[in-house]
Amino acid sequence: IFPPDVVGSKGIDLRERLVTERGPVNQFAFYAFDAGLLLAHTINQLNILGKSIYDHQDFMTILRETRFQGATGMFRIEKGTNDRSSIGFQVYNMRSDGRVYHIGDYDPESTEIIKFTSAIEWPGKESDIPSDSHAEDINCPFYAE
């Protein structure tokens, strides 16, 4: 079903089709899709190799070696960890009109930390970055004098 090294662009195809047909889709749906694809690939590879899905060492070895272009971007497990490699995300800004705007993107493959597509509107409709000082009248239990 899947090549052993790279599963392919099934996730990207799914994302584009869903967004085209239905409009914006909850991002967590794509993480669930990628998790299901990872599990299916791992079980398929164990079956091809004649290994048991109940052998946790074989299962984890295959799972950690899997790489594919999923619905959430390139999927791979970082060497020496059980953590997924860095994934991109979108940056949103809630503005004074109460609406949420997409203002930038983080791409771990890029040299830019965040590529902004719009300016940030800080509280009070400010365009300048606010200072790190706190308001004197805030009773914050985390503030240490």
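1. A quick term before we start: a residue is called buried under 20% relative accessible area, exposed over 50%, and partly exposed in between. Keep that handy, and keep in mind that this is a predicted model.

2. Take leucine 39, which sits in helix α2, spanning residues 27-48. Its relative accessibility is 42%, so leucine 39 counts as partly exposed. Leu39 also belongs to a nonpolar surface patch of about 420 Å², together with Ile43, Ile53 and Tyr54.

3. Helix α2 holds alanine 32 as well. Here the relative accessibility is 51%, so alanine 32 counts as exposed. If you trace the chain from alanine 32 to threonine 72, you cover 40 residues in sequence, yet the two C-alpha atoms are 9.6 Å apart in space.

4. Now for the inside. Which residues make up the largest nonpolar core? There are nine of them: Leu37, Leu38, Leu46, Phe59, Ile62, Leu63, Phe68, Phe75 and Ile77. Helices α2 and α3 are the elements that give two or more residues to this core. As background, nonpolar side chains in soluble globular proteins tend to be buried together.

5. How confident is the predictor? The protein averages a pLDDT of 76, and 78% of the residues score at least 70. Confidence is highest in helix α3 (residues 56-65), at a mean of 89, and lowest in helix α1 (residues 10-22), at 72.

Terms used
Residues numbered from 1 in each chain as written. Predicted model: local features only at pLDDT ≥ 70, side-chain atom pairs only at ≥ 80, totals over all residues. Heavy atoms only, no water. Patch = residues over 30% accessible without salt bridge, like charges linked within 9 Å, V, L, I, M, F, W, Y side chains within 5 Å. Areas by Shrake-Rupley, 256 points an atom, 1.4 Å probe, with all protein chains shown as cover. Salt bridge = Lys/Arg side-chain N within 4 Å of Asp/Glu carboxyl O. Helix = DSSP H or I, 4+ residues; strand = E, 2+ residues; numbered from the N terminus. Buried < 20%, exposed > 50% of the residue type's maximum accessible area, 1.4 Å probe, protein only. pLDDT = per-residue confidence, 0-100. Core = buried A, V, L, I, M, F, W, Y, C linked by side-chain atoms within 4.5 Å.
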